[in-house]
Each structure stands twice: as C-alpha cells, then as structure tokens.
Amino acid sequence: MKKELEDIICAAAPTVMRDMRGDMTKTCLAFGFECGDGWFSLILEAATELEALDADIRAAQVKEKFGTLSFYLREQPHGADSILRRAELRSSQECEDCGARGQRGGNGYIRTLCAKHTIAKDED
C-alpha cells in the first residue's frame, strides 16, 4: 500500500497503529501494510473501530494472505474479533488493487481482484 494511504490510517488510529514503521526485530509493521491500495477503506474502517474499543490494542501485522486481509493484533480484546472477521470477509469480495467488486481466484497465488485487474494480471 502507498505510504500516503498508510499515513491516513495511522493518523485515524494512532494507538492501534503505533508500531508502524517500527523496529523490524519487534514488529512486522516495520514494512508497512503488505497489501494493495484497494483495501485502504476497509483497513481504515477496521482500524478506527478497533481504536474506538478503548483498549490498549496494538496491531502486529496487516497483509494479504490467501486472497483476503489478515489483520493481526498483539492482544485480542473483547469485540476485536468481530471487527477483524468483518474486514476479512469484505476483503474476499473487494479488489485488492482498486476496491471494486472482486472475486478470489488465481493459479498458484490466490488474490481477490476485479475483472479488470484479473485480465491485466493474465496479460502480464
């Protein structure tokens, strides 16, 4: 994801995202979010909902895995699981590249992409 988009998410959820770009020996967020820009809005929504739980929540990693969003926390406070499950489900239906309606698929490497990005990927 572009750094500008990551910065917006970090500003909206500073407690949850406080390890962003931290020491790589202590956090997987040292490398930023490991997914496409198309999931920006769903990550922003999940991060702000987690921030609102008023708990000491700390993200450990945010990435694409098997075509869906994997949003890992250091601790799992009450209410966080439903937020993360909703984001994961939504990611299975939204293009990781642009956010349009998408579908999971692929040959060997599974991604969730819209028809336009599936065709572009096939042409590469």
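User: Where does Pro-14 lie in the chain?

Analyst: Pro-14 lies in the loop between α1 and α2. Helices (H or I, at least four residues) and strands (E, at least two) are DSSP runs, numbered from the N terminus. This is a predicted model, in which local features need pLDDT of at least 70, side-chain atom pairs count only at pLDDT 80 or more, and totals for chains, interfaces and linings use all residues. Residues are numbered from 1 along each chain as its sequence is written, and side-chain values use heavy atoms, with hydrogens and water left out.

User: Why is Pro-14 called partly exposed?

Analyst: Buried means under 20% relative accessible area, exposed means over 50%, and partly exposed is in between (1.4 Å probe, protein chains only). The relative accessible area of Pro-14 is 46%, and therefore Pro-14 is partly exposed.

User: Why is Phe-66 called exposed?

Analyst: Phe-66 has a relative accessible area of 56%, so it is exposed. Phe-66 is found in the loop between β1 and β2. Its phi is positive, about 55°, although Phe-66 is not a glycine.

User: What makes Arg-21 partly exposed?

Analyst: The relative accessible area of Arg-21 is 38%, so Arg-21 counts as partly exposed. Arg-21 has its place in the loop between α1 and α2. The phi of Arg-21 is near 60°, a positive value in a residue other than glycine.

User: Which pattern does the chain follow along the sequence?

Analyst: The pattern is α-α-β-β-α-β-β-α. The chain has four helices and four strands.

User: How do you know that the radius of gyration of the chain agrees with that of a compact globule?

Analyst: The radius of gyration is taken over C-alpha atoms, and the globule rule is 2.2 Å times the number of residues to the power 0.38. For 124 residues, a compact globule would have a radius of gyration near 14 Å; the chain has 14 Å, and therefore the two agree. Along the principal axes, the C-alpha atoms fill a box of roughly 45 × 30 × 25 Å. Of the 124 residues, 41% count as buried.

User: What makes a set of residues a nonpolar core, and which residues have the most contacts inside the largest one?

Analyst: A nonpolar core is a set of buried Ala, Val, Leu, Ile, Met, Phe, Trp, Tyr and Cys residues joined through side-chain atoms within 4.5 Å. The largest such core has 27 residues, and those with the most contacts inside it are Met-17, Phe-33, Ile-43, Leu-50 and Phe-71. At least two residues of this core come from each of α1 (3-12), α2 (40-52), β1 (59-65), β2 (68-73) and α3 (80-91). The element that gives the most to this core is α2, with six residues.

User: Which residues is Ile-43 in contact with, leaving aside its neighbours within four places in sequence?

Analyst: Contact means heavy atoms within 4.5 Å. With those neighbours left aside, Ile-43 is in contact with Met-1, Ile-9, Phe-33, Cys-35, Val-62, Leu-69 and Phe-71.

User: Where is the place of Pro-77, and what does Pro-77 touch?

Analyst: Pro-77 has its place in the loop between β2 and α3. Not counting residues up to four places away in sequence, Pro-77 touches Ala-55 and Ile-57.
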